[in-house]
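The sequence and the structure are shown first.

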Amino acid sequence: MIIIMLGAPGTGKGTVAGILSKELNIPQVSTGDIFRKNMQEKTELGMKVESYISKGELVPDDITVKIVENRLKEDDAKNGVILDGFPRTVKQAEAIEKILEKEGKKIDLAINLTTPEEEIIERTSNRRVCSNPECKTVYNLVLNPSKVEGICDKCGSKLIARKDDNPETVKNRLNSYFLQSSPLVEYYDEKGNLYSALVSKTINKMGVDVAKEIVEYIRGENI
Ligand code: AMP
């Protein structure tokens, strides 16, 4: 089963994808995490993508598609994946469709998360992530703090703020989202495989709640 996660930064894509990955027993593939790991390890790819990510711009399509194409060839992805943060442009969507078609596969479900903009700003500025690349647990200083301030509950590593979570870069990331990524919502709606959900404190629904609903939907619809 191939699931993709759409939605602006800070809507909870990672949280929902993580829960779905455990429930459905297929890996979560986050292009953002792959890029960050490469930046941390200062690989050739990491150096190439750093300038885009630090400005809140999208990494070029050809680089991103190749990464996903290679990742899908790995053993653990043969029964499916949850693509968290990919595709982010119509070009990427068209490219992945062709790649999957060759394997007789398709995108089974596109999940679109929405959150009011003020909440996105608040959430991204309060987001802290585990600095251990094998752990990457995500916390929120207000909604979901760690037990000991600044330390990951799961592995004891230091918690850090993502460099691109500063308000200025978040504004650019939101711009990139509305200009380049939001047309994907209509793209998948027309294909008939879109599931949209609002993640917001205004309706008392966070990523975990929405993830539970999606698991029920997938099982009910036999996707
Ligand atoms: P994320 O962790 O999904 O918020 O991604 C962090 C950053 O990585 C984004 O702001 C982009 O600069 C870059 N990125 C992640 N996924 C993609 C993608 N599918 N296409 C282009 N850039 C991406």
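## The largest cavity

In this predicted model, the largest cavity is lined by Met 5, Leu 6, Gly 7, Lys 13, Gly 85, Phe 86, Pro 87, Arg 88, Tyr 177, Ser 181, Leu 184 and Val 185. Two or more residues of this lining come from each of β1, α7 and α8. The greatest contribution is that of β1, with three residues.

The space inside the largest cavity amounts to about 70 Å³.

## The contact of α7 with α8

A packed pair of helices is described by the angle between the two axes and by the distance between them. Helix α7 spans residues 167-181 and helix α8 spans residues 183-191. Their packing angle is about 35°, and their axes lie 6 Å apart.

On the α7 side, the contact is formed by Tyr 177, Phe 178, Leu 179, Gln 180 and Ser 181, and on the α8 side by Pro 183, Leu 184 and Val 185. Six of these contact residues are nonpolar, two are polar and none is charged. Tyr 177, Ser 181, Leu 184 and Val 185 are also among the residues that line the largest cavity.

Leu 184, Tyr 187 and Tyr 188 are the buried residues of α8. Because they cover an arc of only 85° around the axis, they lie on the same side of α8. An α-helix has 3.6 residues a turn, so residues three or four places apart point the same way.

The buried residues of α8 are covered by elements including β1 (2-7), α5 (90-102), β4 (109-114), α7 and β8 (194-198). The face of α8 turned away from the buried side carries the exposed residues Glu 186 and Glu 190. After α8 comes Gly 192, which has a positive phi near 85°.

## The second largest cavity

The second largest cavity has a volume of about 60 Å³. Its lining is made up of Glu 119, Glu 122, Arg 123, Asn 126, Asn 140, Val 142, Leu 143, Lys 201 and Met 206. Helix α6 (residues 117-125) supplies the largest share of this lining, three residues.

Three residues of the lining of the second largest cavity are nonpolar, two are polar and four are charged.

Conventions. Residues are numbered from 1 along each chain as its sequence is written. This is a predicted model: local features need pLDDT of at least 70, side-chain atom pairs count only at pLDDT 80 or more; totals for chains, interfaces and linings use all residues. Side-chain values use heavy atoms; hydrogens and water are left out. Axes are lines fitted to C-alpha atoms, for helices over the stretch in contact, and angles run from 0 to 180 degrees between N-to-C directions. Helices (H or I, at least four residues) and strands (E, at least two) are DSSP runs, numbered from the N terminus. Contact means heavy atoms within 4.5 Å. Ala, Val, Leu, Ile, Met, Phe, Trp, Tyr, Cys and Pro count as nonpolar, Asp, Glu, Lys and Arg as charged, and the others, Gly among them, as polar. Buried means under 20% relative accessible area, exposed over 50%, partly exposed in between (1.4 Å probe, protein chains only). The arc is that of the directions from the helix axis to the C-beta atoms. On a 1 Å grid over the protein atoms alone, a cavity is a set of points where a 1.4 Å probe fits but cannot get out, and a pocket is an open set with protein on both sides within 12 Å along at least five of seven lines; lining residues have an atom within 4 Å of a point. Grid points are joined across faces, edges and corners, and a volume is the space filled by probe spheres set on the points.
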